[in-house]
Amino acid sequence: MSSAATNDHFWAVIPAGGAGTRLWPLSRAGSPKFLHDLTGTGRSLLQATWDRLTPLTGSRVLVVTGVAHRAAVGEQLPELPSEQLLAEPAPRDSMAAIGWAAAVLEARDPDAVLGSFAADHVIADEDAFRSCVAEAVGAAEQGYVVTIGIEPTYPATGFGYVEMGSPLGDGTVRAVTQFVEKPDRARAEEYLATGRFRWNAGMFVVKATVLLDLLAQWHPELAAGLRSLAADPSRLDEVWPGLEKIAIDHAVAEPAATEGRVAVVPGGFGWDDVGDFGSLGALLSDADGMPGVRVLGDASAVRVVDSTGIVVPGTGRVVALVGLDDVVVVDTPDALLVMSRERAQDVKAVVDALRSEGRTDLL
């Protein structure tokens, strides 16, 4: 299977959802991480996703977001035609979001190939990324569900993995033997040692009709509901609440892999899902004159004495660090977060506690 250039039937689908709870209080339900510039480039994660996909697709982009974020997404992507912005009445997980987009594309173009890429990921080598996508499109045109597997750089326990099997043709495309859930550290180390495993970053390239036909094989009511929305969009509020809530991995990718219908393109480009403040710090450079301190925002508002860490100043007041190592400080008008960087994953516990207390004003 040789690499193929993307064509006029290829569409990018950008699911833009999630609250990014491990980046609280910067990211919240009303202003999730994909709407923020987290890399200091002047472009939000959503805008950066648009920037790296449109060289392949032009205006052939669908964004699926929550109804609460429709206006903000439209403001950040003024080039996106309004009919290509799909707003979910409520979250129903990734299969409903991506499947809805697939149904819309299938109705518009029976030969449509979609590539689904999350709105909140950071890609280091965009040329290498686009090369992988082009090769994935070629495999998708042969009827495969194609994922792009990220080369692991450490034995991560927070990601799922894809096991690569036999080559499919002359390019880099390989059969997928299995998808595996998030492993413990020992198993993750075993995966890396084999050289056969890649991180599952949730990137899928597939013909719209193939995706929906496979979905109909295992979840016929969900497939029928999504196709009914494409046929009659006015039924959205009626149909949406009854759609099954399930991830695309469980609904289609995993069962299709057992039938030999899934392929993987190994991706050698740098990738990060900016899952917490620890990974955010790795994307930033040291602030001028402050070695070991990384600032997202106005560095002139930060003062440092014998300290290292990550600072997000967001109120206009000065944030001063004295004698602290590897600390995270996030200053917002209504909440202040101070923690050690090694506990970055535990921010979710604060969010859970606030939710249980009914403090939705802070979430």
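In which helix do glutamate 189 and arginine 185 both lie, and how many residues apart? Select helix α5 (residues 185-194): both are there, four residues apart, about one turn of the helix. Helices and strands here are DSSP runs numbered from the N terminus (helices H or I, at least four residues; strands E, at least two).

Before going on, note that this is a predicted model, where local features need pLDDT of at least 70, side-chain atom pairs count only at pLDDT 80 or more, and totals for chains, interfaces and linings use all residues. Residues are numbered from 1 along each chain as its sequence is written, and side-chain values use heavy atoms, with hydrogens and water left out.

**Stop 1: salt bridges**

Side chains of opposite charge can pair when their charged atoms come close. Glutamate 189 and arginine 185 form a salt bridge, 3.2 Å from N to O. The term means a side-chain nitrogen of Lys or Arg within 4 Å of a carboxyl oxygen of Asp or Glu. By this rule there are 17 salt bridges.

Next, select aspartate 213 and arginine 227. Their side chains meet in a salt bridge of 2.9 Å, N to O. This pair links distant parts of the chain, 14 residues apart: aspartate 213 sits in helix α6 (residues 208-218) and arginine 227 in helix α7 (residues 220-231). Aspartate 213 is partly exposed at 42%. Arginine 227 is partly exposed at 26%. Glu106, Asp213 and Arg227 are joined in a network of salt bridges.

Jump to helix α11 (residues 347-356). Aspartate 352 and arginine 355 both lie there, three residues apart, about one turn of the helix. Their closest N and O atoms are 3.5 Å apart, in a salt bridge. Aspartate 352 has a relative accessible area of 35%, so it counts as partly exposed. Arginine 355, at 47%, is partly exposed too.

**Stop 2: empty space**

Rolling a probe the size of a water molecule over the atoms shows where empty space is left. Two terms are needed. On a 1 Å grid over the protein atoms alone, a cavity is a set of points where a 1.4 Å probe fits but cannot get out; a pocket is an open set with protein on both sides within 12 Å along at least five of seven lines; lining residues have an atom within 4 Å of a point. Points are joined across faces, edges and corners, and a volume is the space filled by probe spheres set on them.

Go to the second largest pocket, with about 190 Å³ of space. Of its 13 lining residues, select Thr39, Thr41, Ala48, Val122 and Glu126, the closest to its centre. Helix α1 (45-57) and strand β5 (122-123) are the elements that give two or more residues to this lining. Helix α1 gives the most, with four residues. The lining of this pocket divides into five nonpolar, four polar and four charged residues. Nonpolar here means Ala, Val, Leu, Ile, Met, Phe, Trp, Tyr, Cys and Pro; charged means Asp, Glu, Lys and Arg; the others, Gly among them, are polar.

How many cavities of 30 Å³ or more does a search of the whole structure find? The search finds one. The largest cavity holds about 30 Å³. Select Arg52, Phe117, Ala118, His121, Phe129 and Met203, which line the largest cavity.

**Stop 3: strands**

Select strand β2 (residues 61-66). Six of its six residues are buried, so β2 is largely enclosed by the rest of the structure. Strand β1 (residues 10-16) pairs with β2 in the parallel sense over five bridges. Strands pair if DSSP finds at least two bridges between them. Isoleucine 14 stands opposite valine 63 in β2.

Then show the open sheet of five strands, in the order β12-β13-β15-β17-β18 with mixed pairing. β12 (286-287) and β18 (336-340) stand at the edges with a single partner strand each, so one side of each lacks a neighbour in the sheet. Strand β17 (residues 327-331) runs antiparallel to β18, joined by five bridges. Valine 330 faces leucine 337 in β18.

Technical notes
Buried < 20%, exposed > 50% of the residue type's maximum accessible area, 1.4 Å probe, protein only.
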